[in-house]
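Subject: Structure handover

Hello,

Here is the structure we talked about. Please open it first, then read the notes below.

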Amino acid sequence: MRVEVYKRLDRRWAWRALATNGRIVATDGSQGYENRGDCLKMVKKIFNRPRFIPVSYTHLRAHETYITISYSVFCLKKGGGGGGGGGG
């Protein structure tokens with residue numbers, strides 16, 4: 001992935017992230033920045049982070065919502081949603 005910082009026609013600074021195939025995968029949301037320094041600061045905050053942060057299984061479960069939990073229960077009861085189970 002590469003990040004481009006550029007000056008827009010309205011003279012505000014912006015950034016966009018491009019995938020290896022050249023497609024835009026993220027932008028600054030059209031807000032723009034008054035100066036290049038502020039734009040670069042935000043890019044560093046977003047993209048200069050570790051790619052993977054190890055967390056515990058309990059931590060992951062704590063972020064589940066009732067929707068994902070109820071979906072899991074529904075799929076298990078119906079026999080679908082994973083593995084080779086049939087639809088019920």
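A polar contact here is a pair of N or O atoms within 3.5 Å; within protein, one must be able to donate a hydrogen and the other to accept it. Please keep in mind that this is a predicted model.

By that definition, the side chains of arginine 8 and aspartate 10 make a polar contact, at 2.7 Å. Arginine 8 sits in the loop that runs between β1 (2-7) and β2 (13-18). Leaving aside residues up to four places away in sequence, arginine 8 touches Ala14, Asp28, Ser30, Gln31 and Gly32.

Now the sheet. Strands of a sheet pair through backbone hydrogen bonds, either parallel or antiparallel. Here the sheet is open, has 3 strands in the order β1-β2-β3, and its pairing is antiparallel. β1 and β3 (24-27) are at the edges with a single partner strand each, so one side of each has no neighbour in the sheet. On average, neighbouring strands are turned by 30° against each other, direction ignored.

Next, the pairs. β1 and β2 are joined by 6 bridges. In this pair, lysine 7 lies opposite tryptophan 13 of β2. Helix α1 (residues 36-47) packs on the sheet and touches β1 and β2. The direction of α1 makes about 30° with that of β2.

β2 and β3 pair over 3 bridges. Leucine 18 faces isoleucine 24 of β3 across the pair. These two strands form a hairpin, with 5 residues between them. Glycine 22, in the turn, has a positive phi of about 90°.

Best wishes

Notes: Residues are numbered from 1 along each chain as its sequence is written. This is a predicted model: local features need pLDDT of at least 70, side-chain atom pairs count only at pLDDT 80 or more; totals for chains, interfaces and linings use all residues. Side-chain values use heavy atoms; hydrogens and water are left out. Helices (H or I, at least four residues) and strands (E, at least two) are DSSP runs, numbered from the N terminus. Contact means heavy atoms within 4.5 Å. Two strands pair if DSSP finds at least two bridges between them. Axes are lines fitted to C-alpha atoms, for helices over the stretch in contact, and angles run from 0 to 180 degrees between N-to-C directions.
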